[in-house]
Amino acid sequence: MSQAINPNTSLSVAILSGKGGVGKSNLALNLSYALFRAGHRALLMDFDVGLANVDVLLGLSPEKNLQDLFRPEITAAEVVVPVEPGGFDFLPAASGVPELLEMDDDMREILFQKLNASFADYDYLMLDLGAGISQTVLSVAVMSHVRVLVVTPEPTSLTDTYAVIKVLHTQYGITDFHILVNQVESPADTKATYGRLSAACQHFLGFAPELLGGVRSDPALPDAVRRQIPLMRHAPRSPAAQDILNVAVKLHRIRQSRQEALRNMPVLGKIPQPRK
Ligand SMILES: Nc1ncnc2c1ncn2[C@@H]1O[C@H](COP(=O)(O)OP(=O)(O)OP(=O)(O)O)[C@@H](O)[C@H]1O
Ligand SMILES: [Mg+2]
């Protein structure tokens, strides 16, 4: 994979969750948008190969998608759709393609060769994953530089998030996770939710994830979804948009702190083999 070496410092960020419907796609979209508005080049990738819907959030009907990348004559750049001129692009997923949910080694190799060869120019690669722990979700999470787990204060979301962390830890030895608490009422809510998750991880797994931030529950978000406009454009001063901006700033700090290490890393790492 010689073309996989990235001369720049792209940061790949996998957005995942245990429970579905917690806000991953909207957070991935609006974080990408916030980073773009701050002057960075961002690629939002819909990697929810079960139920892709970022195209709907953007009001787009793309012609090509992730599945086309398996055709030898198609390059990743041909599949990308510009969302905003000058640096916010989108790579659509394919829905209802079972092979993509449990990609075999050959498929992953083709995909990641193509992605790594084309995407080194982006500052951020935001990967919106499906809920749960399909093999594709686990692989992409392991191959990304940063893993953001979206959790809500609901107990079911907490237990499902813990389950995802446990699988990634036991199967791949990962201890590096960032927690984004969505749909909170207050900073105390964020702290309490993160505290419970962090205590469980520390107690049973021997490490604690980091807190990335909290995003308030805000009617402006479903309103933006209904209008098919990113929240950051529809209501940039809304409480949720402000919180998302703070999270984007934190992601930028993470990228800055890893500049040296990122210089010699591919955008997506090598294909992981789970521990037996
Ligand atoms: N901060 C928030 N405030 C209010 N509503 C929210 C917030 N975050 C998410 N929602 C609601 O949750 C819905 C689901 O969000 P989204 O589609 O982003 O979740 P998801 O985790 O990507 O779901 P899936 O697991 O199905 O992919 C949104 O359409 C919105 O109505
Ligand atoms: Mg989603």
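Let us start with an open space: the second largest pocket holds about 180 Å³. The model here is a predicted one. Of the 13 residues lining this pocket, Pro 187, Thr 190, Gly 213, Gly 214 and Asp 243 are the closest to its centre. Strand β8 has the largest share, with six residues. Sorted by class, the lining has five nonpolar, five polar and three charged residues.

Now turn to the largest pocket, where you will find about 360 Å³ of space. Its lining is made of 22 residues, and those nearest the centre are Gly 21, Val 22, Gly 23, Lys 24 and Asn 26. Here the elements that give two or more residues are α1 (24–37), β7 (178–184) and α9 (220–227). The lining divides into nine nonpolar, nine polar and four charged residues.

The model has seven aromatic pairs in total. One of them joins Tyr 33 and Phe 36 edge-to-face, with 6.2 Å from centre to centre and 65 degrees between the planes. The two residues are about one helical turn apart, because they stand three residues from each other in helix α1. Tyr 33 has a relative accessible area of 1%, so it counts as buried. Phe 36 is buried too, with a value of 15%, since the cut-off for buried is under 20%.

Tyr 33 also forms an edge-to-face pair with Phe 88, at 5.8 Å centre to centre and with 75 degrees between the planes. This pair links distant parts of the chain: Tyr 33 is in helix α1 and Phe 88 in strand β4, 55 residues apart. Phe 88, like Tyr 33, is buried. Taken together, ring pairs link Tyr 33, Phe 36 and Phe 88 into a cluster.

Phe 88 brings us to strand β4 (residues 88–91), which pairs with strand β3 (residues 81–84) in the antiparallel sense over three bridges. In one part of this pairing, Pro 82 has Asp 89 in β4 as its bridge partner. The two strands form a hairpin with three residues between them, and in the turn Gly 86 has a positive phi of about 95 degrees.

Finally, look for two places where an arginine meets a tyrosine ring. Arg 41 lies over the face of Tyr 122, at 4.8 Å from the ring centre. Arg 255 lies over the face of Tyr 124, at 5.0 Å from the ring centre.

Methods. Residues are numbered from 1 along each chain as its sequence is written. Chains are lettered from A and ligands numbered from 1 in the order in which they are written. This is a predicted model: local features need pLDDT of at least 70, side-chain atom pairs count only at pLDDT 80 or more; totals for chains, interfaces and linings use all residues. Side-chain values use heavy atoms; hydrogens and water are left out. Two strands pair if DSSP finds at least two bridges between them. Helices (H or I, at least four residues) and strands (E, at least two) are DSSP runs, numbered from the N terminus. On a 1 Å grid over the protein atoms alone, a cavity is a set of points where a 1.4 Å probe fits but cannot get out, and a pocket is an open set with protein on both sides within 12 Å along at least five of seven lines; lining residues have an atom within 4 Å of a point. Grid points are joined across faces, edges and corners, and a volume is the space filled by probe spheres set on the points. Ala, Val, Leu, Ile, Met, Phe, Trp, Tyr, Cys and Pro count as nonpolar, Asp, Glu, Lys and Arg as charged, and the others, Gly among them, as polar. Rings of Phe, Tyr and Trp (its six-membered ring) pair if their centres lie within 6.5 Å; planes under 30 degrees apart count as stacked, over 60 as edge-to-face and the rest as tilted. Buried means under 20% relative accessible area, exposed over 50%, partly exposed in between (1.4 Å probe, protein chains only). A charge sits over a ring if NZ of Lys or CZ of Arg is within 6 Å of the ring centre and within 35 degrees of the ring normal.
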